[in-house]
Amino acid sequence: MVASVYPAHITAYNDVAIVSSQNIRSGLIEELGKNSIEYQDETVEDFILKPLRLVPPENQSSTKISNDSSFIEQVAKALRDKCKEDFSQLQILSEKTERKKEATSDETAMYPPLNNIIAYINKACENKYPLDSDRVHHRCLVCCSNRPPQHYDPTHNPFPIKPDFLLVETAPRSATGDEPKQPLEREESVYWWQCPAYMEVKAVDPPFPLRTDDPNPPRATKTLGQNSDYARAILSSRPFQLYVLGIAVWKASFCFTYFDRSGVKVSKPRDFAVDVDLHIFIRAVIRFTWEMTPEDLGHDPTVSLLPGSTWHDRSQDYPRFAVRTMDEAVLETIGAPLFSSRSLLGRGTSVFPVISRKNGGEPVEAHILKSSWRDDKRTSEGEIYQRIVSILKDNTTSISLPRVPRAIAKLERCRDVQFAHPGPGLPISTPVVRDSRNGIMATGSRGQIEEAVARTVNLGCSNKKLHRGEIMDFGESLHSYRDTKELGEALLCILEVLDQLHDLGILHRDISPGNMYIRRMATYPPPPGTGKSGRNPGPVITPVDTSKHGSSGLSGFLADFEFASIPALPTYNADPDSPTKRVNRHIRYTTNTGPRQDSPTSPKPGPRMTGTPTFMATEVLVAIRDDLPLTRTRYHDLESFIWVVLYVIYQRYVRRDTGAEWTYHPKLLEEKRRLFSASEVAVFISQRRDSFLDTTSTAGGLHYLIAYLGRLEESENTPTRNVRFAVRLLWEILLDLQPVKKDIPVIDMDQSEEWQEVIDEMHEIGIEVDKRGKGFSDGRTDGEGVGRGERERDIAGGIRKALKFLVRSP
C-alpha cells in the first residue's frame with residue numbers, strides 16, 4: 001500500500017525484509033535533508049508542556065503537577081543533592097568523550113545516571129500524590145538498549161532497532177498490586193505499539209549541526225537520522241499516531257524532537273547545569289509519564305480505544321479501536337492492521353479490517369478502512385476512483401458483465417478527516433497539527449487555518465491532510481493464503497481486472513502486496529447463551545466458497561488507486577455507434593457521451609515516480625536512479641505483479657519452521673534478500689542484475705527457492721511441483737521484461753529437463769508454447785491487434801498460465 005513519491009536516489013526502506021539499520025538511516029538522513037527540518041523551534045516544547053486544545057475541555061490533560069512551580073523547584077533542589085553524583089558523572093563522561101573518537105561505551109555509561117534522575121522525579125511525584133486517583137495515565141521510561149521491542153507480527157520484526165529508552169504504557173498499580181518497576185529493573189519485553197515516545201542518548205552528538213560557522217551545514221545529522229528511525233517505527237506500529245515526540249540527550253544537554261509526515265522540528269538545546277533548563281526537563285518527564293493524554297502524545301482524537309482494550313495489556317494481539325467517521329458512524333477495528341507504512345515521510349498509509357454496527361448494536365458488515373496523508377495539491381483517491389468507475393461504465397457494453405468488476409475494490413466515503421472540536425471544518429493536516437498548541441488556532445477560523453498552512457509551506461513543508469476511505473469489500477493480505485490454489489485463484493482475479501484496466505488506458509502504478517487482497521467472508525454468530533441479539537466482539541472470518549458463487553472476481557480484489565494514471569486529452573468519436581476509440585494508449589480516450597476533462601494523473605514523463613520500490617519495474621528504478629523522464633506503461637504494472645507473486649511465495653517458505661537440518665533455508669533467505677531488500681534504488685538495480693546474471697542453474701536467481709521446494713517435496717511429501725513450475729515460468733517472463741538483456745544468459749530449453757517438464761505440463765492443459773515458454777496467449781486477441789500491444793497481451797497470458805499452475809497445486 002505504500003506509494004510515496006521517490007525522487008532520484010531516495011532510499012527504499014518499505015520492504016519488510018531486514019535491511020541494515022545503518023543503510024536505512026543513511027536514506028532517512030538524505031530524505032530528511034530534502035524536506036523540512038526546523039532547528040531551535042520554540043513550539044516543540046509547547047507540544048510537551050501544554051495540553052492539546054483541539055479536544056473537548058473535559059478530555060484535556062491536567063497540568064496540576066507539572067505547573068506546580070513550588071513543587072518543581074523543590075524537586076530540582078533535591079535532585080541537585082540526591083543525584084549530585086549522577087549529574088557529575090554525565091559531565092565527566094561528556095568531557096572524557098570529547099577527548100576520544102569512540103563514544104559508544106561512554107554512551108551506555110550514561111544510562112544509569114539518567115535512569116536515577118528519572119526515577120527520583122517519579123518517586124517525588126508518588127510521594128506528593130500517593131493516590132491512584134491523582135494519576136490518570138501510567139507510563140515509564142524503559143531502557144531498551146539490550147533488546148529491540150517486539151512487533152505485533154510474531155513471525156517477523158521489521159524494526160530490529162534498540163532505542164536507548166522508550167516511553168511505555170504500563171498498568172496502574174491498583175490493577176497489578178505491584179510498585180512500578182524502574183526502567184533498568186524491567187525484564188519483560190515491550191511491544192512497539194505500547195510506546196508513544198522515545199529518549200535517545202548520545203555521548204557527544206546532538207541531533208543538529210554543531211558548526212554554526214559552516215556556510216553549507218548538513219541539513220540532517222547522523223543523530224537525527226537515528227532519531228528518525230525510532231519515530232518511523234512508532235508511527236508504523238501505532239498507525240493512528242499523528243506525530244511522535246522524543247527527548248534527545250547528549251553530554252550534559254538535552255532537547256526535544258517532533259516528527260510528522262511532513263518533516264521534523266527540533267527544540268533549542270538546554271543544559272542540565274542550568275536551573276531553568278533542569279526545571280523544563282523535570283516538567284517534561286512528569287508530563288510524559290503522569291499527565292499527557294494519548295492525544296497530547298500524538299494519537300488521533302477521532303479514534304479511541306474500545307472498552308476492554310488497553311495500551312498496556314500485552315496478552316491481547318493488538319488493541320482494538322473505535323474510529324468515528326464524519327457522519328458520526330463508528331467503525332471498530334479487528335486486530336492488527338493488514339498493512340502499515342514503514343516510511344517516515346510520504347503517505348503513511350494504514351489499512352485495518354473493521355466492522356460497523358447499526359446504532360451501536362448488531363454488526364452490519366465487515367470491510368476495510370484505509371487511512372493516509374495526502375498532499376493537498378494532489379487529486380484525492382476518491383476522485384480518481386470515481387473517474388475510473390466512470391470509464392469502466394462507459395466502456396462496458398455487455399449486459400451480462402458487471403459495469404464495475406468485482407475484483408476492483410469498491411471505495412466509498414472518502415473524506416479528509418476533521419477535528420470534532422472546537423467545531424466541524426478544522427482539518428487534521430500537518431500545518432493545523434503543528435499549530436495545535438496555539439491558543440488562537442483552537443477557534444479554528446478559516447483565516448487562522450490559512451495562516452498555519454502558509455507558515456508550514458513557506459518552511460518547505462507540504463500541506464498534508466489525513467484522508468480516510470472505506471473499502472466495501474472484506475479480505476486479508478496475500479500472505480494469508482491457506483494453500484497455493486487459493487493464492488492462484490485470487491491472483492488470477494486481480495490479473496484479469498488489471499488487464500481490463502490496461503485495455504482502457506488505466507495504469508495502477510503501485511502494484512504491491514499491500515494493495516492486493518484475498519476475499520474473505522465475515523459472519524457473526526452470537527456468543528453462547530446470549531441469543532441472536534448478543535453483542536459479538538468480532539466476526540468469524542472464512543474463505544469465500546467459489547464453488548457455490550462462481551469464481552469471477554470473488555477470490556481476490558485490487559485496491560489503492562491513488563497513484564493510478566487515467567486517460568487524458570479526450571477527443572470526440574468520429575463514429576457515434578462506437579462506444580470507444582482509443583487514439584493513443586494510456587494518453588487519451590473518447591466516449592460517445594462527450595469529452596472528459598484532462599486528468600492530473602495522466603502518465604506524463606517526469607523524474608518523480610510513484611510506487612513501492614521493492615516491486616517497481618527495473619526500467620522505472622533505472623529512471624529514478626538516473627533522474628530521467630519515463631512514461632509508465634502496462635509493462636511496468638505487469639512486471640510489478642510478477643515481483644509481488646514471487647515475494648509472497650518467498651515469504652511463505654522463508655517463515656517456515658524448518659529445523660536445523662534444512663541447509664537450504666539460510667541460502668533461501670539470502671536469495672530473497674538479494675531480490676527484495678536494499679537501502680537505495682541503485683542497490684536494488686545492482687542486486688537484480690546479479691540475480692538475472694546468475695548461472696548457478698537454469699533457475700537463475702531463483703536457484704535456492706526451486707531447490708528448497710524440491711527438498712520439501714522429497715522429505716515431507718509436500719506437493720510443490722506445480723509451484724516450482726509457476727515460479728520458474730514467472731522468472732523467464734521477468735528476464736524478457738528487463739530493459740537491457742544483452743548480458744543476460746539465454747537458457748537452451750532443449751538442454752533443460754525441468755523446462756521440458758514445464759512445457760509438457762502446459763501441453764497437458766492445452767497450452768501451446770515455444771521453446772522459451774512464451775506464446776501462450778490463451779486464444780485471446782489484443783484490442784490493437786499487432787505490434788507492442790500483442791506482446792503485452794502475450795506477457796499477461798504468460799503470467800496467467802503460471803498462476804494456473806498454482807491453482808492446479810494440491
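A crossing of two helices is left-handed if the near helix is turned anticlockwise from the far one by less than a right angle, and right-handed if clockwise. With that in hand, welcome to a predicted model, in which local features need pLDDT of at least 70, side-chain atom pairs count only at pLDDT 80 or more, and totals for chains, interfaces and linings use all residues. Residues are numbered from 1 along each chain as its sequence is written, and side-chain values use heavy atoms, with hydrogens and water left out.

**Helix 15 with helix 18**

- The crossing of helix 15 and helix 18 is left-handed.
- Helix 15 spans residues 618–626 and helix 18 spans residues 681–692; helices (H or I, at least four residues) and strands (E, at least two) are DSSP runs, numbered from the N terminus.
- The two pack at an angle of about 140°, with axes 9 Å apart, where axes are lines fitted to C-alpha atoms, for helices over the stretch in contact, and angles run from 0 to 180 degrees between N-to-C directions.
- That angle makes helix 15 oblique to helix 18 (angles under 35 degrees count as roughly parallel, over 145 as roughly antiparallel, 65 to 115 as roughly perpendicular and the rest as oblique).
- In the contact (heavy atoms within 4.5 Å), Thr618, Leu621, Val622, Ile624 and Arg625 of helix 15 meet Val681, Ala682, Phe684, Ile685, Arg688 and Phe692 of helix 18.
- By class, this contact of helix 15 with helix 18 has eight nonpolar, one polar and two charged residues; Ala, Val, Leu, Ile, Met, Phe, Trp, Tyr, Cys and Pro count as nonpolar, Asp, Glu, Lys and Arg as charged, and the others, Gly among them, as polar.

**Helix 3 and its partners**

- Helix 3 (residues 69–82) packs with helix 6 (residues 111–128) at about 135°, their axes 10 Å apart, and the two are therefore oblique to each other.
- The crossing of helix 3 and helix 6 is right-handed.
- Helix 3 brings Phe71, Val75, Ala78, Leu79 and Lys82 to this contact, and helix 6 brings Ile117, Tyr120, Ile121, Ala124, Cys125 and Lys128.
- The residues of the contact of helix 3 with helix 6 are nine nonpolar, no polar and two charged.
- Helix 3 also packs with helix 9 (residues 275–291), at an angle of about 110° and with axes 10 Å apart, which makes helix 3 roughly perpendicular to helix 9.
- Here Phe71, Ile72, Glu73, Val75, Ala76, Leu79 and Arg80 in helix 3 meet Asp275, Leu278, His279, Ile282, Arg283 and Ile286 in helix 9.
- The contact of helix 3 with helix 9 has eight nonpolar, one polar and four charged residues.

**Cavities**

- The structure holds five cavities of 30 Å³ or more; on a 1 Å grid over the protein atoms alone, a cavity is a set of points where a 1.4 Å probe fits but cannot get out, and lining residues have an atom within 4 Å of a point.
- The largest cavity has a volume of about 80 Å³, a volume being the space filled by probe spheres set on the points, with grid points joined across faces, edges and corners.
- Of the 13 residues lining the largest cavity, Pro239, Phe240, Gln241, Trp373 and Leu466 are the closest to its centre.
- Strand 15 gives the most to the lining of the largest cavity, with three residues.
- The lining of the largest cavity divides into five nonpolar, five polar and three charged residues.
- The second largest cavity holds about 60 Å³ of space, and of its 13 lining residues the closest to its centre are Arg509, Ile511, Met616, Arg632 and Ser640.
- Helix 16 (residues 634–654) supplies the largest share of the lining of the second largest cavity, three residues.

Definitions and conventions
1 Å grid on protein atoms, 1.4 Å probe; cavity = no way out; pocket = protein on both sides within 12 Å on 5 of 7 lines; lining within 4 Å.
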